[in-house]
Structures are given as C-alpha cells and as structure tokens.
Amino acid sequence: MGRVEASVLIPAAGNGERLGLGPKAFLRVGGRTLLEWALLPFREAAEVLVALPPGAKPPEGLRATFLEGGRTRQESVARLLEAASLPLVLVHDVARPFVSRGLVERVLEAARTAGAAVPVLPVPDTLVRPEEAHYGEVVPREGFRLVQTPQGFFTALLREAHAYARKRGLSATDDAQLVRALGYPVALVEGERTAFKVTYREDLLLAEAVARVWSAWPQGR
Ligand code: CTP
Ligand code: MG
C-alpha cells in the first residue's frame with residue numbers, strides 16, 4: 001500500500017465528557033494514547049493536522065502539526081481545513097482509534113472519484129421509536145446505516161460545505177452532513193466494526209481487547 005496522498009485532519013479537541021477521563025486524545029489504551037492509535041494507519045500520509053483542546057500541550061514524537069481546536073467538532077474541523085494544503089482531505093475522529101489501512105484506502109479511492117465518501121455499517125440491533133418508556137413502532141433497520149470516519153472529500157468541496165454551514169447556522173456531528181446540505185452526493189463505502197467510536201466507559205473494555213490483538217499483530221491491519 002502506498003503513501004496516503006491527502007491531508008489527514010484529526011479533530012481531537014473534545015473533552016470526552018461522557019467518558020469522564022479527560023480529553024480522549026491523551027487517554028491510554030494498551031500502552032498507546034488514542035491519538036497514537038488513531039494516527040497509525042496514516043503513518044505515510046503526506047500531511048497530518050491535529051486539533052487539540054485549547055491549552056493542551058502537543059505530544060512529542062508524533063509526525064503531525066498541532067492546532068488549537070474550537071468549541072465544537074465542526075469548528076475544530078473548520079480550523080484544520082483552513083490549514084490543509086492538499087486537494088484531498090481525510091477527516092478522522094481521534095475517538096475511533098482502530099482503523100485499518102484497508103478502510104483508509106477504500107475511503108480514499110472513493111473520495112478521489114466521487115469527491116465525497118464515508119464508511120458505513122448496517123445496524124445490527126432492532127430499532128424502535130420509544131413511546132415514553134414503552135416499546136413503540138419498530139423502524140426497519142435495513143433502511144439505516146451507521147456512519148463512521150475517516151471521511152474523504154475534495155478539500156475545496158468540504159471548505160465550501162463548512163462556509164455554507166457557517167452562513168446558514170447549520171451544526172453537524174460529521175462532515176458528510178454538511179456536504180450533503182450543500183446538495184452534493186456523498187458516496188458510501190463499507191465500514192468496519194473495529195472502527196467503533198470510544199464514547200462510554202464500557203467502550204474502553206472493547207478498546208483494550210482490540211489494542212491487545214493489534215499490538216501483537218500489527219501487520220494484520
Ligand atoms: N471534537 C473536537 N473539538 C470539539 C469537540 C469534539 O475536535 N470541540 C472531536 C473529539 O475530539 C472527537 C470527535 O470530535 O474526536 C467526536 O467527538 P466525541 O466522540 O463526541 O468526543 P468528545 O466531544 O471528546 O466527547 P463528549 O461528547 O463525550 O464530550
Ligand atoms: Mg462530543
């Protein structure tokens with residue numbers, strides 16, 4: 001697998017409030033910080049930019065440029081985007097530490113041809129609309145996908161989408177939403193279950209387990 005010819009943007013400026021263990025970027029799992037894990041598949045990337053919480057000390061020994069993040073994820077990505085220097089960007093949350101090179105390649109390839117691409121997964125559980133505290137209407141899960149990162153875009157397109165969102169006061173939890181709001185189609189590629197988001201305490205149990213396997217078997221990714 002060759003060099004990743006894109007600017008890799010890592011929003012890592014969140015405070016991890018639901019986890020309650022400080023900013024996720026600096027949280028250690030299996031001997032590495034989530035930021036170190038998240039950067040692994042981008043080792044050969046042409047450019048890596050990371051947004052950290054304001055006032056956080058940039059970690060040493062990582063091949064990346066560090067910026068101060070904003071108040072929201074969207075603001076952090078907007079700042080990273082300003083600094084990006086290549087025509088293609090990959091936006092990847094530090095909260096998803098385990099991403100394979102294969103996934104990066106899939107997203108990159110689709111983004112190169114379609115201009116915008118994101119990894120998705122089918123919903124494994126039954127989906128229901130609760131009615132107060134009771135079981136309500138079941139929503140056919142086949143009609144839904146779970147959205148992951150990294151998400152790939154033409155840099156100019158994502159900049160336009162962020163500018164449009166700013167003007168319209170839109171706020172979004174990922175970047176594909178903003179691109180779609182602009183009216184541009186976003187291609188879907190197959191995600192991977194190991195690229196889950198570390199959000200709650202229990203997710204750390206899973207993360208420790210994956211870290212153990214991946215540490216012992218680095219080329220498997
Ligand atoms: N993020 C960011 N800047 C912010 C808020 C979030 O760069 N102002 C990043 C986080 O670091 C994370 C990603 O956006 O990589 C997704 O956010 P989430 O999982 O919600 O992480 P946190 O915001 O840190 O967690 P919480 O919402 O529980 O506080
Ligand atoms: Mg958050």
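Which polar side-chain atom lies 2.8 Å from a nitrogen atom of ligand 1?

Guide: The model is predicted, so local features need pLDDT of at least 70 and side-chain atom pairs count only at pLDDT 80 or more, while totals for chains, interfaces and linings use all residues. Residues are numbered from 1 along each chain as its sequence is written, chains are lettered from A and ligands numbered from 1 in the order in which they are written, and side-chain values use heavy atoms, with hydrogens and water left out.

The atom belongs to Ser76; a polar contact is a pair of N or O atoms within 3.5 Å. The backbone also takes part: a polar backbone atom of Glu17 is 2.7 Å from an oxygen atom of ligand 1, and a backbone N or O atom of Val94 lies 3.1 Å from an oxygen atom of the ligand. Of the 560 Å² of accessible area that ligand 1 has on its own, the protein covers 86% (Shrake-Rupley method, 1.4 Å probe).

Around ligand 1 there are 18 residues, with Pro11, Gly16, Glu17, Ser76 and Lys197 nearest (a heavy atom within 4 Å). By class, this shell has five nonpolar, six polar and seven charged residues, with Gly counted as polar.

Ligand 1 sits in the largest pocket, meaning that more than half of its atoms lie within 2 Å of the grid points. A pocket is an open set of points on a 1 Å grid over the protein atoms alone, where a 1.4 Å probe fits, with protein on both sides within 12 Å along at least five of seven lines; lining residues have an atom within 4 Å of a point. The lining numbers 30 residues, and Arg18, Arg73, Asp93, Thr173 and Lys197 lie nearest the centre.

Methods
Polar contact = N/O pair within 3.5 Å; in protein donor to acceptor, adjacent residues only side chain to side chain.
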